[in-house]
Structures are given as C-alpha cells and as structure tokens.
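Here are some notes for a first look at this structure. Please keep the model open while reading the points below.

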Amino acid sequence: MKARVFAPVNVALIKYWGKSDEKLRIPVNSNLSVCLEKLGTETTVEFKKHLKRDKVVINKKKVSGREKDRVVKHLDRVRKMADIDWKAEVISENNFPTGVGLSSSASGMAALSLGATKAAGLDLSEKDLSRLARLGSGSACRSMVDGWVEWVKGDSDKNSYAKSVFNKDHWDLKILVVVLSQKKKKISSSKGMAEAKTSEFFKTRIKGMENKLRKIKQAIKDKNFSLVGKIMENEALNMHAVMLTQRPSLIYWLPETVRVMKAVQDFREEGSECYFTVNTGQNVLVICEEKNEEKLVKKLKNINGVIEIRRDRIGRGARLFT
Ligand code: PMV
C-alpha cells in the first residue's frame, strides 16, 4: 500500500480569491492556470498496518501542529473513501522554496491526493481526484490536470472541479520564476481569502470575471501572446487591489517585488515582450515567448534583490511514478 507521485506547481492567469463555500472550497469565480513542467512536489505515501499515528515529513522535517493536521484530515478523507483505518507515512519534498507565493499548498495537496488514493488502492477519475484535491487546498485541484486548466466554479462538491482546456503542447510559452526571498509569508492564502469580501472592490472584481475568462480562453486558443499577457497582468493587479483594500489589509509585496514588476513593464517598452503575475507572496512569475527567454533571464538576474531565476514551461498534471 505504497505510492510515489509528482504534482506540479500551477500558476493562475485568472485568479481565485474568495470562496462562496468555505468548507467545500467553492470559489466565487471560475479561474484558469497553467501547470509547470519542473517545479513541484514529490510525495510518497505508505499505509502501514502497525503504525499507531500518521507520520508526516515535509522537506526533510517531521511536522506537527496545524501543518500536520491538514495532512491528517486529508488522509482521513481518503481512508473513508477506501474504507481502511491504517495510518500512513507521508514523505513530501518541494523542489522550490516553500511558502513564498509559489503555490506549495497546491502542488503539495495535489500530490497527497494522488499518492494517498493510489496507496489506498483507489483508482479515481481525473475529475474526482481534482474534487478531492480541492477539499485539501482550493487551487490544488488545478495541479491535477494537464496544461492549461480551468477550475469550473460549480456550486456543489460534485460540480466544482478542474479540467484541461488546452493540453501542454498547445502553446510552448516560457515561465520564469523570479525568486526574491525565502522569507515565509505571515498570512496564508486561506486565511487572507476569507476576508476578501471586506474590500469595497470585491463585488466589482467578481462582476468582470466571466468576461475576462472568456476573453483569455479565446486569446490562448488564438495564441495571441500580447492579449494573454495583458489580461494576466491586469488580473494580478486587480486581485492585489482587493488584497490591499481588504480589512485588515494584505500587502504581500516586498520592495523588490515592485521593482521586478516595474522592470517587466520597462523590458516590454524596450522590445522584450513579457508580463508578470504575483500570488500571495513576494515572488514574481514572468511569462514570455522562447525568442525572448535568454535575454530576459539575463535582465531579470541583474535586478537588485533577485536571488535566482527558475526557468520553466507548461507541463502535465499530477502523475504516478511507476
Ligand atoms: O488554494 P490556495 O488557498 O493556496 O489559494 C490560492 C490563491 C492564489 O494563489 C492567490 C490565486 C490562485 O488562483 O492561485
């Protein structure tokens, strides 16, 4: 009863910030992301007959408290589905900095969902795996699926799930992960998101979401890079406008974050087309076409405060190692 899996980080172009159901993690708006090829979480889950308690090791450290509770709760969901009561040993490792706005909860929960169900002998459909991952961490449902992924908001546990809208080979865009600091954020996405509605801009944001999603899907289909980039960048700032004005206010950016955002806009003016997005953390994600990748990596590396650039591309969803 053992399985080893990999689940990728996903980067949202159209974000999820606000739930209509906290417990079931139903998002207020449908949203869209891409899975990365390289950045992600590798997890091994083993259910063992004589184990007294679940044991969870994340990034080589045995975890306890709230971090462990979240994993145990997810294992309980799987045990219930498989009708087993054995405890499990979970060993999980991220190949990127954790808790700095790079979606570690998404890849982590997606990997746990696939690993635990496989180890328990279950063989769930992609849709059901995505629904299960959603219960662990909303955006994790998107790491379950290949390429360009839409999380259809739905209105119940059954119909809120992620599906692939274009596969990873549809369009080979490059994603540059600009790592600025390893300092962990103080407020988690889950906690921050619960206050989204206290911003007076929240309703206005949500009103525009359907239209934005429709537009970006058409632009992706047409491979219109400028339009996809413009929608993505504006959407990130739109979400942060809500974060900045919710009560209490959330400022996830560091001075370096703003420096990179402005630099990206300058690079564009200088002819190297690229666009940014930022999640709940200080690090910045930049998309570009292959023809500008080398040049942009060099330029980004030269910005004061940049620790490293991770180069990635669009990849598959969670998978089992055989
Ligand atoms: O699924 P969570 O609780 O990690 O929330 C993710 C929230 C954002 O990263 C800010 C947006 C998104 O859609 O990924």
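Is Glu235 buried or exposed? Glu235 is buried, with a relative accessible area of 0%. Buried means under 20% relative accessible area, exposed means over 50%, and partly exposed is in between (1.4 Å probe, protein chains only).

1. Ground rules. This is a predicted model, in which local features need pLDDT of at least 70, side-chain atom pairs count only at pLDDT 80 or more, and totals for chains, interfaces and linings use all residues. Residues are numbered from 1 along each chain as its sequence is written, and side-chain values use heavy atoms, with hydrogens and water left out.

2. The partner of Glu235. Glu235 forms a salt bridge with Lys212, and the closest N and O atoms are 2.5 Å apart. The pair links distant parts of the chain: Glu235 is in helix H7 and Lys212 in helix H6, 23 residues apart. Lys212 also counts as buried, at 13% relative accessibility. A salt bridge here is a side-chain nitrogen of Lys or Arg within 4 Å of a carboxyl oxygen of Asp or Glu. Helices (H or I, at least four residues) and strands (E, at least two) are DSSP runs, numbered from the N terminus.

3. Two domains. The protein chain is divided into domain 1 (2-169) and domain 2 (174-313). These bounds come from an automatic or database domain assignment. The C-alpha centres of domain 1 and domain 2 lie 23 Å apart. In contact across the boundary are 38 residues of domain 1 and 49 residues of domain 2. Contact means heavy atoms within 4.5 Å.

4. The interface area. Domain 1 and domain 2 bury about 3,500 Å² between them. Of that area, 66% is on carbon and sulfur atoms. Buried area is the accessible area (1.4 Å probe) that two parts lose on being put together, summed over both.

5. The bridge between domains. How many salt bridges are counted between domain 1 and domain 2? The count is one. The side chains of Lys217 and Glu150 meet in a salt bridge (2.7 Å, N to O). Glu150 is in strand S8 and Lys217 in helix H6, 67 residues apart. Glu150 counts as buried at 7% relative accessibility. Lys217 is partly exposed, with a relative accessible area of 26%.

6. On the side of domain 1 that touches domain 2, the elements giving two or more residues are strand S1 (2-14), strand S2 (19-21), strand S4 (31-48), S8 and S9. The largest share of that side, eight residues, comes from S4.

7. A covered helix. Helix H3 (residues 126-136) is mostly covered, with eight of its eleven residues buried. Among the buried residues of H3 are Leu129, Leu132 and Arg134. Their cover includes strand S3 (26-27), H1, helix H2 (104-119), S8 and S9.

8. Ser156. Ser156 sits in the loop between strand S8 (148-152) and strand S9 (161-166). Ser156 is partly exposed, with a relative accessible area of 24%. Beyond its neighbours within four places in sequence, Ser156 is in contact with Ile26 and Arg134. Ser156 and Leu24 are 132 residues apart in sequence and 7.7 Å apart in space, C-alpha to C-alpha.

9. Ser92. Ser92 lies in strand S7. Ser92 is buried, with a relative accessible area of 10%. Its side chain makes a polar contact with the side chain of Thr43 (2.8 Å).

10. Backbone points to check. The peptide bond from Arg247 to Pro248 is cis, with omega near -5°. Pro248 lies in the loop between helix H7 (225-245) and helix H8 (255-269). Asp83 is not a glycine, yet has a positive phi of about 55°. Asp83 is exposed, with a relative accessible area of 72%. Lys223 is not a glycine either, and has a positive phi of about 55°. Lys223 is partly exposed, with a relative accessible area of 41%.

Methods: A polar contact is a pair of N or O atoms within 3.5 Å; within protein, one must be able to donate a hydrogen and the other to accept it, and residues adjacent in sequence count only if both atoms are side-chain atoms.
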